[in-house]
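This report describes the overall fold and then the ligand surroundings.

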Amino acid sequence: MKKITAFAPATVANVSCGFDILGFAIDQLGDRVTVALNDTQELKLADIQGDGGKLPFEAKKNTCSVAIRAMLDHLGSDQGMDIYLEKGLPLGSGMGSSAASAAAALVAANTLLGTPFSKEELVPFAMEAEKIACGAGHADNVAPSLMGGFVLIRDYNPLDLIKLPVPLGLHCTLLHPHLELNTADSRSVLKKQISLKDSTVQSGNIAGLIAGLFLQDFQLISRSLKDVIAEPSRALLIPGFYELRESIQSIGALGSGISGSGPTIFVLSPDKEIAIMAGKVSEQIFEKMGLDVDVYISEVNDKGAYVLE
Ligand SMILES: Nc1ncnc2c1ncn2[C@@H]1O[C@H](COP(=O)(O)OP(=O)(O)O)[C@@H](O)[C@H]1O
Ligand SMILES: N[C@@H](CCOP(=O)(O)O)C(=O)O
């Protein structure tokens with residue numbers, strides 16, 4: 001039976017000031033999905049590994065099958081497929097785990113069907129999967145996981161995606177304290193309304209961040225990594241968040257923020273040495289609090305999801 005395996009990377013959504021409209025992809029960390037055509041008209045989760053038995057086999061609840069179903073519906077196809085998911089990402093971590101499953105499944109299934117869609121065209125199908133995973137069809141994990149690099153979602157209706165340049169040397173440190181935070185829960189703590197003043201501050205920062213990426217201006221990126229909308233509510237759910245921010249600033253990192261909805265924290269640095277140092281400093285802070293933390297150092301992954309075999 002013909003089968004294809006694809007990999008899709010972890011992602012950092014929001015990037016501080018870009019709530020629901022900006023994200024970037026990480027190297028190496030991610031999910032793998034194998035898809036095989038079957039002789040039925042059903043999508044079947046044949047196997048799931050690496051999730052500690054937590055993810056649903058029911059096709060209507062798994063992001064792999066929900067995304068593929070959206071694609072097949074768009075094509076008017078009732079082709080059946082067997083899906084094998086290998087989770088490389090921890091659940092509820094803020095690293096776009098549900099998105100990586102959907103993106104890898106779509107790239108594998110799309111390739112099996114003769115690549116009717118570009119990776120950008122697959123994004124709306126992956127957004128359908130995000131709706132069942134966290135109740136909101138946000139694209140700031142699925143778009144960079146599929147397309148790679150930094151992706152701006154200028155608008156959702158109609159979807160308008162813009163791939164942004166990545167400054168040379170830019171590195172990310174991901175700090176994942178061993179806590180699980182459900183995206184739906186950390187969306188529910190957000191305020192439903194923001195003040196005119198906060199809206200102005202946030203607009204200035206997102207514009208500054210995007211200009212900084214185009215200009216390769218690390219100081220401008222650093223000044224712009226500020227979030228007055230989601231971070232004040234969510235930081236309270238992440239022990240040590242502000243202490244860590246102060247410490248990494250003193251070693252020359254550009255800034256830090258909550259990766260997606262947390263609890264992972266991302267740090268951006270102008271080079272690999274500072275990114276490694278940020279990891280060491282953070283490990284000490286979390287150790288003092290008695291919390292285990294995983295540290296990942298990565299460049300921005302410009303490739304996104306791809307076929308493995
Ligand atoms: N393949 C999958 N199918 C269905 N649900 C998933 C899948 N992968 C992750 N999830 C779930 O999606 C929810 C949304 O969070 P998730 O994307 O894991 O958060 P995060 O991006 O913060 O790690 C979690 O409850 C997680 O268990
Ligand atoms: N924009 C979303 C991003 C959620 O990312 P995740 O990796 O935590 O799923 C949000 O802030 O809710």
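What percentage of the 309 residues of the chain count as buried? The share is 47%, where buried means that 20 or more other C-beta atoms, placed from the backbone, lie within 10 Å of the residue's own.

The model is predicted: local features need pLDDT of at least 70, side-chain atom pairs count only at pLDDT 80 or more, and totals for chains, interfaces and linings use all residues. Residues are numbered from 1 along each chain as its sequence is written, while chains are lettered from A and ligands numbered from 1 in the order in which they are written.

The chain has ten helices and eleven strands, taken as DSSP runs (H or I, at least four residues, for helices; E, at least two, for strands) and numbered from the N terminus. The C-alpha trace spans about 60 × 40 × 35 Å along its principal axes.

Ligand 1 is surrounded by 22 residues, each with its C-beta atom, placed from the backbone, within 6 Å of the ligand. The closest are Leu 91, Ser 97, Ser 98, Ser 101 and Ala 133. Elements giving two or more residues to this shell are α1 (63-75), α2 (97-112) and α3 (119-134); the largest share, three residues, comes from α2.

| Class in the shell around ligand 1 | Number of residues |
|---|---|
| Nonpolar (Ala, Val, Leu, Ile, Met, Phe, Trp, Tyr, Cys, Pro) | eight residues |
| Polar (the others, Gly among them) | 13 residues |
| Charged (Asp, Glu, Lys, Arg) | one residue |

Ligand 1 lies between domain 1 (3-164 + 302-307) and domain 2 (171-299), because both give residues to its shell. The domain bounds come from an automatic or database domain assignment.

Note on methods
A residue is buried if 20 or more other C-beta atoms lie within 10 Å of its own, exposed if 12 or fewer, and partly exposed in between; C-beta atoms are placed from the backbone.
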